[in-house]
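Here is a short briefing on voids and helix packing.

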Amino acid sequence: MLTVLIFIPVFGALIIPFLRNNQKYIKYWALAITCFELLLSVFMLINFDLSKNGYQFVENYEWIPSLGISYHLGVDGLSLPLVFLTTLLFVCAVSISMSINTRVAEYFFWFLILETSVLGVFISLDLVLFFIFWEIELIPMYFIISVWGSGRKEYSAMKFVIYTLFGSAFMLVGLLITGLSIGSFNIEELSNITLTADNFLISPVYVFIMFFVAFAIKLPSWPLHSWLPDAHTDAPTAGSVILAGVLIKMGGYGIIRICVQIFQQEAKDLSLLLVFLGAFSLIYGAIITFRQTDIKKLIAFSSVSHMGIVLLGISAYKSNNPDVASFGLEGAALQMFTHGTITGLLFLSIGLIYDRLHTREITQLQGLVYKAPTISLFFVIASMASLGLPGLSGFVAEITVFMAAFAVWNWFTVISVFSIVLTAGYMLWLVQRVIFGDHIGDEKNLQKLSTYEYIPALLLVASIIVLGVYPSIIFEFFEQSVTAFVNNTIGV
Amino acid sequence: MDVADLIYIGSEIIVAVTATLTLLMGIFSGRYIIVKIVSLLGILSGLIYAVGLWFVSTSYVFYNTIHANQLSVFFKILVLVTLLLVITGSYDYSKYFGKLRVEYLSLMMYSSVGMMLLPASNDFITAYISLELIALPLVAVIAMTKEEYSIEASLKFLIFSAISSAFLLYGIVLLYGFSGSTNFEVIAHILSNTNLDSNISIVLIAILFILGGVGFKVGIVPFYMWIPDVYEGAPTPVVAFLSIASKSVGFALLIKVFLIAYEFADWTFTISIIAALTMIVGNAGALLQDNTKRLLGYSGIAHAGYILIGIACFSQIGTSTGQVAVIFYLLTYAFTNIAAFYSLMNISLSTNSYSIQSYSGAFFNNKFASIVLMISFLSLIGLPPTSGFLGKLYLFNAAIKSELIWLVLFGVINSVFSAYYYLKVIKTLFDSDIEIIKYQTSRSYSLNIVLICALLGVLILGVYPDPFLRLLETSLSS
């Protein structure tokens, strides 16, 4: 089942060269593949047994026995929602790319390869396999940014690759040390073993840091975030949606799955580092946004800020109270999910604006509501969700994280909560400048949204509202994974 | 000597006879294609013979000067496969050789006879002669296009080979003076059973000289200077051959030498430092290159550095993990480099230039070669799912087992920086922002077949390496 899920996009990508450069067929084909993936992940969500602990849909075969590497896949309540998020956002990304007309075959080829690699990261249960998918993701993204991007696209693409590779260099060393010390690359097995300095080549703290560097770059956390604004700004719309929506979630997922679940003790010892980085990114990202003049860059920095919340939630794992610890991790996971949909929608609507007005400068966009009311509506919904308006999904995640974190880190949380004010400030200011105000220019009626642009926006809006009103629909999944883990490690 | 000993060097004999036959046919028969097919058949039968030899039991032959074991057979197969691919793919390139294209075939074969003998040699004299047999025909082949660059390259190669031989001989003489023998095993036996207190410096110097001599061949710091120039000037098929077969057997000799050397001293630190320097010199040099062949030359230096990591961990964990890592890396490197050089050549046959700019937009002219080039460069960076990734994984794994964590960190960070210049070339291939010059691409079936074979090698070793690894492990444990 999971094998099918991973490899269908590759199969689809390999078919593309045979479609004889017919743009229409290629587009429909890519859309069909991603829709199929979405259906598959929904099917898995429905068939997932919430009453059972541990991984489900597991597939485990030996791959390279001499190194102890296996082909081991499985999902639990933590990864399954992220798989769903991935497939959902890829449908959106492909759907809004229908208007692409340069080098169409390559474009969709790389998107499908990208989908495979991202899904692979979320569902592999073998460290080496995880690493392989983690690395494969770079190449498609490099091409997507550097060929179909705008502005200083080549510089940004290279920066993105070098930053991520730098992190994965550390991760490779870390995973080899882990694998050789314990004799297994199996993530499930490793999380059940208590790691001490005795059974490790070097102190596990260093290994934890090696992994953490890789994930913190991807997340991105201050001070390793500087690739993100460039990459986001210069990527094409669909690229930004995927980058913000899914790729940076790989970092958060990695921290929970590997840094916390495998290196439990170290995660507690170093949680001061996590909370500091989290709180700092949160405030820093929010302050930086005030100076941005490019909407995309502004949203990119707001991502840095929002990912700080993820770190904050994870740092609550230090607590001795299992409820608090699991609440923190669940909040972090929920924040990743909701940020994926919200930022996806934000970038999507910015992309729609850019397609019509060919500018992203805030000063040149005014009174958008008169010109393009529908896009404005989507944009406003997304920014309201982003600033944490109750009733929309962003609020639920933030409140969960802050509640959990406050129980452990009083002052850090008190400071962090101010970011809500800052976020509200820059988001409202942005909306006020871009959407409202006197409209300039004489273009009254911009091109209407096509079906392929409506559908992804509506999907995302629906998910934002549903999660805001009834979050436990996805919370149950996170609980399945996190509660058992926390109870095992902290004890009641 | 027993006549039956000859069976162990059967593939060498077959290839040498074919080489001579090729030369004669070149005089009497005018048809190049026939000569070429005969030589390919000769190499192929040598290859089949070598595969058969895999199942023959280990033995010392020719008065202990040759140790025929599975490892040596493995290198024979590697050399012959490389030669087969190189010669098959060079059909279109041979227009640059003019009238000398028959001599090109036979000299390449003579050189590969040396390459096949070297990993089997069990005696420094045999090893030395094999090395000379490798180098001298190559000197002639490098000059064969008769262009200024190519003659310069040939002269440089000649001089550096001579110097490296001098280094090697001096080291051999010192060892001989100490132990009274040139036989590897006798030397190892004497060294491990004598008290070396007062003489240790002589032996260390001898080993260092030998390391220098072989270091010239494989291109490690500080003996790498000839590589970029020779790679730039030499004909591309020869460069491919040089960078793969010559380097692989050089490492085979290095493995043998250091299996002895680790008996009496811990070389881990020295080798680690050399490895680190080699990596950094290779990668730093490649950053600034404008010519793809020079770039691959520097990248080859960097890769020699990675391979040295494997040799650095010989002493700590028993030798077999390090050896498997080195040999597997050489195997992956062989396919990757053939793919890289031949896809470069494929594109350059139409543009007549190897500068990076000349590749811009190559994808729109020659899709297949560009894709192969991209995959091979990704493999050189070490990105999955190509074989370059698993090769590196194996090396680093061995090094971490020997607790050389700093060296591994150094290696992986180096490969991050190497990504920059490889990606720059890949980006150029797919560049569509500039005006694309359309040109006629050469449709060469033989070249495309070679590219497909190399590509399959890169991908299969990257996705399903297990059978090869198991073969290697059994051959080393026997």
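## Pocket, cavities and helix packing

The lining of the largest pocket divides into 37 nonpolar, five polar and four charged residues. The model is predicted. The pocket holds about 1700 Å³ of space. Its lining counts 46 residues, and those closest to the centre are L14(A), F109(A), W110(A), I113(A) and I375(B).

**Helix 4 and helix 6 of chain A**

- Helix 4 (residues 104-123) and helix 6 (residues 138-148) of chain A pack at about 150°, with axes 8 Å apart.
- An angle over 145 degrees counts as roughly antiparallel, and helix 4 and helix 6 of chain A are therefore roughly antiparallel to each other.
- The crossing of these two helices is left-handed.
- From helix 4 of chain A, the contact uses E106(A), Y107(A), W110(A), F111(A), I113(A) and L114(A).
- Helix 6 of chain A answers with I139(A), P140(A), M141(A), F143(A), I144(A) and W148(A).
- By class, this contact has 11 nonpolar residues, no polar residues and one charged residue.
- W110(A) and I113(A) take part in this contact and are also among the residues closest to the centre of the largest pocket.

**Helix 2 and helix 4 of chain A**

- The axes of helix 2 (residues 23-47) and helix 4 of chain A come within 9 Å and cross at roughly 10°.
- Angles under 35 degrees count as roughly parallel, so helix 2 and helix 4 of chain A are roughly parallel to each other.
- Helix 2 of chain A passes helix 4 of chain A in a left-handed crossing.
- Helix 2 of chain A brings Q23(A), I26(A), K27(A), A30(A), I33(A), T34(A) and E37(A) to the contact.
- They meet V104(A), A105(A), F108(A), L112(A), E115(A) and L119(A) of helix 4 of chain A.
- The contact has eight nonpolar, two polar and three charged residues.

**Cavities**

- There are seven cavities of 30 Å³ or more.
- The largest cavity holds about 150 Å³ of space.
- Of its 14 lining residues, E135(A), L172(A), G382(B), V412(B) and S415(B) are closest to the centre.
- Helix 7 of chain A gives the most to this lining, with four residues.
- The lining of the largest cavity has nine nonpolar, three polar and two charged residues.
- The second largest cavity holds about 70 Å³ of space.
- Helix 5 (124-142), helix 6 (148-179) and helix 8 (200-218) of chain B each supply at least two residues of the lining of the second largest cavity.
- Residues lining the second largest cavity include F157(B), F160(B), K217(B) and W226(B).

Terms used:
Residues are numbered from 1 along each chain as its sequence is written. Chains are lettered from A and ligands numbered from 1 in the order in which they are written. This is a predicted model: local features need pLDDT of at least 70, side-chain atom pairs count only at pLDDT 80 or more; totals for chains, interfaces and linings use all residues. Side-chain values use heavy atoms; hydrogens and water are left out. On a 1 Å grid over the protein atoms alone, a cavity is a set of points where a 1.4 Å probe fits but cannot get out, and a pocket is an open set with protein on both sides within 12 Å along at least five of seven lines; lining residues have an atom within 4 Å of a point. Grid points are joined across faces, edges and corners, and a volume is the space filled by probe spheres set on the points. Ala, Val, Leu, Ile, Met, Phe, Trp, Tyr, Cys and Pro count as nonpolar, Asp, Glu, Lys and Arg as charged, and the others, Gly among them, as polar. Axes are lines fitted to C-alpha atoms, for helices over the stretch in contact, and angles run from 0 to 180 degrees between N-to-C directions. Angles under 35 degrees count as roughly parallel, over 145 as roughly antiparallel, 65 to 115 as roughly perpendicular and the rest as oblique. A crossing is left-handed if the near helix is turned anticlockwise from the far one by less than a right angle, and right-handed if clockwise. Contact means heavy atoms within 4.5 Å.
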